[in-house]
Structure formats: C-alpha cells, structure tokens
Amino acid sequence: STEMESKTGILPFNVNVFPNPTQHQFSLVLEGATDEKVQIVVYDVLGRQVKKFEKPGANMPIRFGMDLKNGVYVVEVQQGDNRKTLKLIKQ
C-alpha cells in the first residue's frame, strides 16, 4: 500500500479528539495531515454553528472547547479535499 500511496499522492487522513467526553477542553490531532491550513467548524446538537476557526497544518494538537457549554457537539475538520466529522461531548 505504500507504493500506491506514493503513486496517487493520497495520504491517510484521520482525526482524533481526546478526551471525549471532556469537562474542560478537547485536543484534536490530525494524522496524515499536510501543511495545508485546517478549518474546524463546531455545531451544536441543533446544527447551529457555534465556533469556526483555522489553524496552520501539521501534526500539532489543536486545543479548543473551553468556551463551550456542556452538551453534544459535532465538529467538522477539513484540510484540502479531506474532511472528517466527529461527535463531541462536553460534560
């Protein structure tokens, strides 16, 4: 599979968020990320956008959520053509 990845230029893109659930803040880590900027949008359980921000790309943890109220959220992470959606819980 390494040959295929180098020929197509497609790297595995994965998003990990921890701790989940949390009482304070989330740490978001991208695996297989490129140097492209990362756009993060957080929605509440009703689908309303409550937070949107961009960070430079790389494999550094992105911390957020201290300002979020307790509840269930959906976070959408996009980098270039890669997109992942995850459910987050703040207690």
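Start with Arg83 and Glu76, whose side chains form a salt bridge, 3.2 Å from N to O. Bear in mind that this is a predicted model. How exposed are the two partners? Arg83 is partly exposed, at 47% relative accessibility. Glu76 has a relative accessible area of 19%. The cut-off for buried is under 20%, so Glu76 counts as buried.

How many salt bridges are there by this rule? Four. I'll show two others.

Next, Asp67 and Lys51. Their closest N and O atoms lie 2.9 Å apart, and they form a salt bridge. Where do the two residues sit? Asp67 is in the loop between strand 5, residues 62-64, and strand 6, residues 71-79. Lys51 is in strand 4, residues 49-55. Asp67 is exposed, with 55% relative accessible area. Lys51 is partly exposed, at 21%.

Then Arg48 and Asp44. This salt bridge spans 2.7 Å, N to O, between the side chains. Is Asp44 buried or exposed? Buried, at 12% relative accessible area.

Now the core. In soluble globular proteins, nonpolar side chains tend to be buried together. Here, the largest nonpolar core has 18 residues. Which of them touch the most other members? Leu28, Leu30, Ile40, Phe64 and Val77. Which strands supply at least two residues each? Strand 1 (14-18), strand 2 (26-31), strand 3 (38-44), strand 5 and strand 6.

Look at Val77 in detail. Set aside its neighbours within four places in sequence. Val77 then contacts Phe13, Val15, Leu28, Leu30, Val38, Gln39, Ile40, Asn82, Arg83 and Lys84. Leu28, Leu30 and Ile40 are on that list, and they are also among the core residues that touch the most other members.

Last stop, Ser27. Ser27 lies in strand 2. Is Ser27 buried or exposed? Buried, with a relative accessible area of 8%. What does Ser27 touch, beyond neighbours within four places in sequence? Asn16, Val17, Phe18, Ile62 and Arg63.

Glu76 is buried, and so is Asp44, whereas Asp67 is exposed. That's my part. Thanks.

Methods. Residues are numbered from 1 along each chain as its sequence is written. This is a predicted model: local features need pLDDT of at least 70, side-chain atom pairs count only at pLDDT 80 or more; totals for chains, interfaces and linings use all residues. Side-chain values use heavy atoms; hydrogens and water are left out. Buried means under 20% relative accessible area, exposed over 50%, partly exposed in between (1.4 Å probe, protein chains only). Helices (H or I, at least four residues) and strands (E, at least two) are DSSP runs, numbered from the N terminus. A nonpolar core is a set of buried Ala, Val, Leu, Ile, Met, Phe, Trp, Tyr and Cys residues joined through side-chain atoms within 4.5 Å. Contact means heavy atoms within 4.5 Å.
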